[in-house]
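Come along and keep the view open beside you.

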Amino acid sequence: MKKWSQLLGAVLLGAVAFSAQAGPRLDRIQESKTLRVGTPGDYRPFAIKTEQGYEGHDIDVIEAMAAELGLAIEYVPTTWPNLMPDLQADKFDIAVGGITRTPARIAKMEMLPGYAPFGKVALARSTDKSKYKTVADLNQPSVHVIKNPGGTNELFVLEHLKEAQVSTHDKNAEIPALIAEGKGDIMITETYEALHYSNADSRLSALFIDQPLTPVNYLGFMLAADDTDYVRMMQFVWDLMDERDVLDAAEDKWLK
């Protein structure tokens with residue numbers, strides 16, 4: 001946490017950046033008073049599309065950030081395979097929804113500070129959980145793995161589970177139900193999503209939670225990198241949300 005004196009300085013610098021030194025993207029956002037937010041909207045508990053709109057950890061945070069800037073949000077649907085291409089094509093200004101911070105993404109885009117430390121884990125039927133103790137147990141021809149395309153979960157499956165039966169399902173949020181119904185055996189996902197579905201459905205168990213299949217990593221909001229003033233402003237507002245405990249409140253509500 002920063003000291004309040006440092007925060008005051010950041011506020012003053014942020015105000016200058018927002019009003020006097022805005023780059024082209026920030027200018028456009030100011031003029032339209034709208035922040036375009038892209039999300040696949042299929043990753044609980046971070047961002048999920050419902051009949052009423054969007055909800056989740058990332059939704060609470062980005063809406064608080066937009067409110068601080070006096071901006072409305074326009075949600076733009078995207079997919080995991082198209083997440084980076086759509087951002088590069090200027091279809092939205094920022095992407096949220098449980099996005100892993102990776103060197104490949106940061107090489108091309110900006111990402112806000114990491115949150116929600118996690119590792120890759122597995123979701124399986126509770127009746128079968130004793131079968132899977134290691135990656136080798138998952139990597140068997142008798143094991144049917146269902147993956148969602150375009151993200152780091154797919155990369156893990158393609159790299160580590162080459163001997164398993166692997167199929168692809170485009171709608172990430174539907175895969176847990178397919179596992180529970182016996183239409184697949186394993187879903188590779190991340191700590192918080194696996195815990196969410198295992199807590200919500202007794203037919204499912206989250207495996208490898210205490211010892212994830214990968215080293216700990218972090219999620220992050222992904223921004224277009226074409227306007228340094230815009231990036232600086234969003235980093236400032238993120239820090240402000242941290243200082244005001246907005247991030248802690250979202251974590252308590254959605255991740256615990």
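**Second largest pocket.** I began here and found a volume of about 180 Å³ (the space filled by probe spheres set on grid points joined across faces, edges and corners). A pocket is an open set of points on a 1 Å grid over the protein atoms alone, with protein on both sides within 12 Å along at least five of seven lines, and lining residues have an atom within 4 Å of a point. Here 13 residues form the lining, and Trp80, Arg105, Gly150, Gly151 and Leu155 are the closest to the centre. I noted that helix 4 (83–88), helix 5 (103–106) and helix 7 (152–160) each give at least two lining residues (helices are DSSP runs of H or I with at least four residues, strands are E runs of at least two, both numbered from the N terminus). By class I listed seven nonpolar, four polar and two charged residues; Ala, Val, Leu, Ile, Met, Phe, Trp, Tyr, Cys and Pro count as nonpolar, Asp, Glu, Lys and Arg as charged, and the others, Gly among them, as polar.

**A note on the model.** This is a predicted model, where local features need pLDDT of at least 70 and side-chain atom pairs count only at pLDDT 80 or more, while totals for chains, interfaces and linings use all residues. Residues are numbered from 1 along each chain as its sequence is written, and side-chain values use heavy atoms, with hydrogens and water left out.

**Largest pocket.** Next I looked up the largest pocket, with a volume of about 240 Å³. Its lining has 17 residues, and Pro40, Asp42, Asp170, Lys171 and Asn172 lie nearest the centre. I counted six nonpolar, five polar and six charged residues in that lining.

**Cavities.** How many cavities of 30 Å³ or more does the structure hold? I found two; a cavity is a set of grid points where a 1.4 Å probe fits but cannot get out. The largest cavity has a volume of about 150 Å³. Among its 15 lining residues, Trp80, Gly151, Thr152, Asn153 and Glu190 are the closest to the centre. Helix 7 gives the most to this lining, with three residues. The second largest cavity has a volume of about 40 Å³, and its lining includes Ile146, Asn153 and Met187.

**Cores.** I then turned to the largest nonpolar core, which has 49 residues, with Met65, Ile94, Phe221 and Met234 making the most contacts inside it. Such a core is a set of buried Ala, Val, Leu, Ile, Met, Phe, Trp, Tyr and Cys residues joined through side-chain atoms within 4.5 Å. Helix 10 (residues 228–243) gives the most to this core, with nine residues. Another core lies apart from it, with 26 residues, among them Ala122 and Phe208.

**Arg36.** Is Arg36 buried or exposed? I found Arg36 buried, with a relative accessible area of 16% (buried is under 20%, exposed over 50%, partly exposed in between, with a 1.4 Å probe and protein chains only). Arg36 sits in strand 1 (residues 34–39).

**Val216.** Val216 belongs to the loop between strand 13 (204–207) and strand 14 (217–219), and is exposed at 56% relative accessible area. Leaving out residues up to four places away in sequence, Val216 touches Pro117 and Phe118 (contact means heavy atoms within 4.5 Å).
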